[in-house]
Amino acid sequence: MKKVSAIDAKKVALTKDRTYGVEVVYSDSAKVKAKGYAPILDKVTPSAGAVYSEMPKGVKIYFLDDFLKTKGSITSDYAINKETEKITIFRKNVVVVTDNMTFTTEELTWDQNKQLYTSPAGTVTTKDGNILNGTSFSAPQDFSTYSITMPSGQANVENGKLP
């Protein structure tokens with residue numbers, strides 16, 4: 001009975017507000033930078049701890065240029081946004097598409113404070129068909145560059161020159 005009382009005392013009550021067909025617009029310095037879509041958004045308020053938003057049916061985010069044309073996207077089957085920490089974690093079938101590459105992984109974290117994406121592992125496919133697998137992926141907010149640790153993969157060689 002002592003164990004039951006101790007477990008019961010640690011209960012955390014959650015309040016969940018569910019919204020269907022959500023569209024979120026992200027702007028910086030009065031410029032629209034991205035638009036996101038989620039079929040379901042759950043805003044969760046625990047009785048103890050920080051508020052967070054969950055997208056249990058996935059999310060699709062489009063990155064926009066200054067003329068509001070799509071320049072890339074992120075899709076995943078699940079996402080959670082930890083508002084206080086300013087961190088969003090994308091999970092399950094995560095695909096990032098940019099003009100230069102496609103990155104696939106099972107987990108990708110966006111740290112808004114550092115303006116940095118990180119992933120424990122994944123695959124980069126470049127536009128010219130090179131495929132690079134590795135660990136510790138990181139990229140800045142615009143995915144203009146990336147780093148990946150312990151890379152291995154396939155590269156197209158033309159005239160004896162490596163990419």
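**Strand pairing and a buried isoleucine in a predicted model**

Good morning. I begin with strand E9 (residues 116-126) and strand E10 (residues 131-140), which pair in the antiparallel sense over nine bridges; pairing requires that DSSP finds at least two bridges between two strands. Strands here are DSSP runs (E, at least two residues), as helices are (H or I, at least four), numbered from the N terminus. This is a predicted model, in which local features need pLDDT of at least 70 and side-chain atom pairs count only at pLDDT 80 or more, while totals for chains, interfaces and linings use all residues. Residues are numbered from 1 along each chain as its sequence is written, and side-chain values use heavy atoms, leaving out hydrogens and water.

E9 and E10 form a hairpin with four residues between them, and Gly-129 in that turn has a positive phi of about 95 degrees. Thr-123 has Asn-133 of E10 as its bridge partner. Asn-133 in turn has the bridge partner Ser-152 in E11. E10 and strand E11 (residues 147-154) run antiparallel, joined by five bridges. Their hairpin has six residues between the strands, with Phe-143 in the turn at a positive phi of about 55 degrees.

Let me turn to Ile-89, in strand E7 (residues 87-98). Is Ile-89 buried or exposed? Ile-89 counts as buried because its relative accessibility is 9%, the cut-off for buried being under 20% relative accessible area with a 1.4 Å probe, protein chains only. Its contacts (heavy atoms within 4.5 Å) include Tyr-78, Ile-80 and Leu-108.

Finally, the chain as a whole has one helix and eleven strands, and 31% of its 163 residues count as buried.

Technical notes
Buried < 20%, exposed > 50% of the residue type's maximum accessible area, 1.4 Å probe, protein only. Lists of a residue's contacts leave out its neighbours within four places in sequence.
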